Amino acid sequence: MYKKQMVFQRIVCYVVLVASALVFVYSLGLLTDLYDSLYLTIRDPANLEMTTVQGSRIYYDMQPFNSELTRVGIGLILVSLVLFLMNTHSRRKYYIGNFFATALCVVCNIAATIWAVMKISAFRAQFLQMDFEALKAHAEMWKSLYTESTFWFDAGYVVFGILMAATVLLVVNLIMKLNVMKEEKRLIGSGKEVKA
């Protein structure tokens, strides 16, 4: 049990790091299709109502969120690195720093997921209100991308689902670690050796 738990905790810490990096990578691609299809529809960026396609201002409306999401992605990577800084991935016995690193990671991941999913859902609904007929006519005239796809919005649900799954694994790991530490303490107290 002890060796399996040690392997599991190492894998979980790497999974959390990869999931955090995935959030950052997602933030870099989020506006790709919107830029290709909507950027040219706004005639004057100073006046977002001057557009050939009703609703195309979503590209500009999403800019602040996208910038924040990129910073959140970087922040989640840094927070997940605290797990490694505290040796949460390799320590046989957890100390205050390990509990702190795990709690910090869990809280940040949950907060980021709630915030991002709420924003993504709102922007997805806004995107679906766009005048797609006008967008199609614009795309044909200017040979630009036409898409009604909500792929990048839907991908956000997958990305943050992965982040939450990694967070659940981190909590499961902590529970397993507490059980192993309790069992080890009990065996040492009874004078027996812990099985390797």
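How many salt bridges does a search of the whole structure find?

A: The model is predicted, so local features need pLDDT of at least 70 and side-chain atom pairs count only at pLDDT 80 or more, while totals for chains, interfaces and linings use all residues. Residues are numbered from 1 along each chain as its sequence is written, and side-chain values use heavy atoms, with hydrogens and water left out.

The search of the whole structure finds five salt bridges (a side-chain nitrogen of Lys or Arg within 4 Å of a carboxyl oxygen of Asp or Glu). One of them joins the side chains of Glu183 and Arg186, at 2.5 Å from N to O. Both residues lie in helix H7, three residues apart, about one turn of the helix (helices, H or I, of at least four residues, and strands, E, of at least two, are DSSP runs numbered from the N terminus). Glu183 is partly exposed at 36% relative accessibility, and Arg186 is partly exposed at 48% (buried is under 20% relative accessible area, exposed over 50%, partly exposed in between, with a 1.4 Å probe and protein chains only). Elsewhere, salt bridges that share partners join Glu49, Arg57 and Asp61 into one network. Arg57 has a relative accessible area of 29% and Asp61 one of 23%, so Arg57 counts as partly exposed, as does Asp61.

Another salt bridge pairs the side chains of Arg124 and Asp154, at 2.8 Å from N to O. Arg124 lies in helix H5 (residues 96–128) and Asp154 in helix H7 (residues 151–189), so this pair ties together parts that are 30 residues apart in sequence. Arg124 is partly exposed at 24%, and Asp154 is partly exposed at 28%.
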